[in-house]
Amino acid sequence: MEGHIIQMRPSSFLEPSMDDVPMRSESVEVGVKKGCPIGTVPIRRIPKKNQQRAKAFLKTYSEEQAEDNKSLGEQPRGYFKAEVQTRRKKSSRYYGAQAFLNVYNPKLNTKQQFSRMMMKLRYGNEDTSTSIEVGWAVFPGLYNDTLTRLHAFWRGDYEDRSCFDTMCPGFVQVSSRITFGMKISRISNYLGNQYDIKLTVSRDPASGHWWLLYGWKNEPVGYWPKDLLGDLTITKGKWGGDVYSLFGPLPPMGSGFTFEQSRRTRTYRSACYIRGIRIQKKLGGEFLDVNGLDLEKKEDLPRCYNVGGQGISGNWGYTIHVGGYGGLCNW
């Protein structure tokens with residue numbers, strides 16, 4: 001991106017909505033408390049071994065693995081997801097998406113696994129699509145620990161341009177306080193206190209860059225330049241969880257409890273929730289609650305991981321519950 005002129009703030013700022021204000025006990029803050037000195041941004045130091053592990057994961061990370069690995073025998077391995085997505089229509093054009101993601105710390109079985117809760121924006125076919133993915137992850141292959149961290153993945157041209165977080169040139173960091181890979185300190189407990197993070201991705205109507213905003217105050221974190229992803233509009237939004245495993249029993253997703261278990265307990269404090277799911281249909285326009293009729297489920301391993309919609313729930317907006325226990329998951 002030689003010659004790129006950095007944009008310090010979105011050209012049009014999204015004003016916080018009163019519906020976006022989280023309950024006091026459920027707000028989550030991440031980042032450097034006092035922020036970096038003026039003119040500087042936080043940068044994670046990434047050891048060479050971590051970079052090598054990340055490249056290995058990047059090479060094998062593909063949604064096609066879910067299909068390829070379902071016939072491997074009694075013990076499933078590979079990549080599996082449980083999510084809702086907007087139905088593909090000729091008229092599908094989106095310029096942004098947002099959601100509150102419930103935060104947990106699923107316990108992995110090996111270091112060759114990850115478990116994530118994500119919001120994904122896609123353009124193109126599944127196997128070659130341009131994408132932006134943001135959320136949280138427990139990912140020892142990338143972070144060398146089992147903490148829950150702010151996480152992202154982007155793909156411009158799957159074979160040549162794809163990256164986790166900021167491990168390669170691409171994402172332009174502008175926040176002096178928040179960056180990918182930072183630990184999320186407040187973690188939800190099953191049937192206990194619940195915490196969530198609000199993430200917004202929106203295309204700037206002036207520059208065409210794709211901005212990431214954090215929290216209910218819509219704090220700008222940075223952006224993916226339009227030159228990186230191409231001059232495109234998103235044709236599909238996705239919200240849900242995914243896991244990856246090459247060895248051992250599969251890891252839990254979210255809280256480790258399924259949508260059915262959440263429905264039986266009749267509480268939002270069991271299965272992991274994603275609330276306030278909204279999309280931006282007009283460039284620079286307002287974010288609108290998704291219509292449940294325009295969504296479809298994708299469950300690669302429904303006996304282990306599933307997702308269900310609660311629908312519009314007061315000031316929570318459109319809400320889903322997603323997750324599962326993992327394990328051997330014989331099907």
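## Salt bridges, cores and a disulfide

Glu-83, Arg-116, Lys-120, Arg-122, Glu-133, Lys-238 and Asp-242 are linked in a network of salt bridges, a salt bridge being a side-chain nitrogen of Lys or Arg within 4 Å of a carboxyl oxygen of Asp or Glu. This is a predicted model, in which local features need pLDDT of at least 70 and side-chain atom pairs count only at pLDDT 80 or more, while totals for chains, interfaces and linings use all residues. Residues are numbered from 1 along each chain as its sequence is written, and side-chain values use heavy atoms, with hydrogens and water left out.

The whole structure holds 13 salt bridges, including these:

| Pair | N to O distance |
|---|---|
| Lys-238 and Glu-83 | 3.6 Å |
| Arg-87 and Glu-296 | 3.6 Å |
| Lys-120 and Asp-242 | 3.0 Å |

Lys-238 and Glu-83 are both buried, as are Lys-120 and Asp-242, where buried means under 20% relative accessible area, exposed over 50%, and partly exposed in between (1.4 Å probe, protein chains only). Arg-87, by contrast, is partly exposed at 36% relative accessibility, and Glu-296 is partly exposed at 24%.

The largest nonpolar core has 55 residues, and Trp-136, Trp-224 and Trp-239 have the most contacts inside it; such a core is a set of buried Ala, Val, Leu, Ile, Met, Phe, Trp, Tyr and Cys residues joined through side-chain atoms within 4.5 Å. Apart from it lies another core of nine residues, among them Tyr-79 and Phe-164.

One disulfide is counted, defined as a pair of cysteine sulfur atoms within 2.5 Å, and it joins Cys-163 to Cys-168 with an S to S distance of 2.2 Å.
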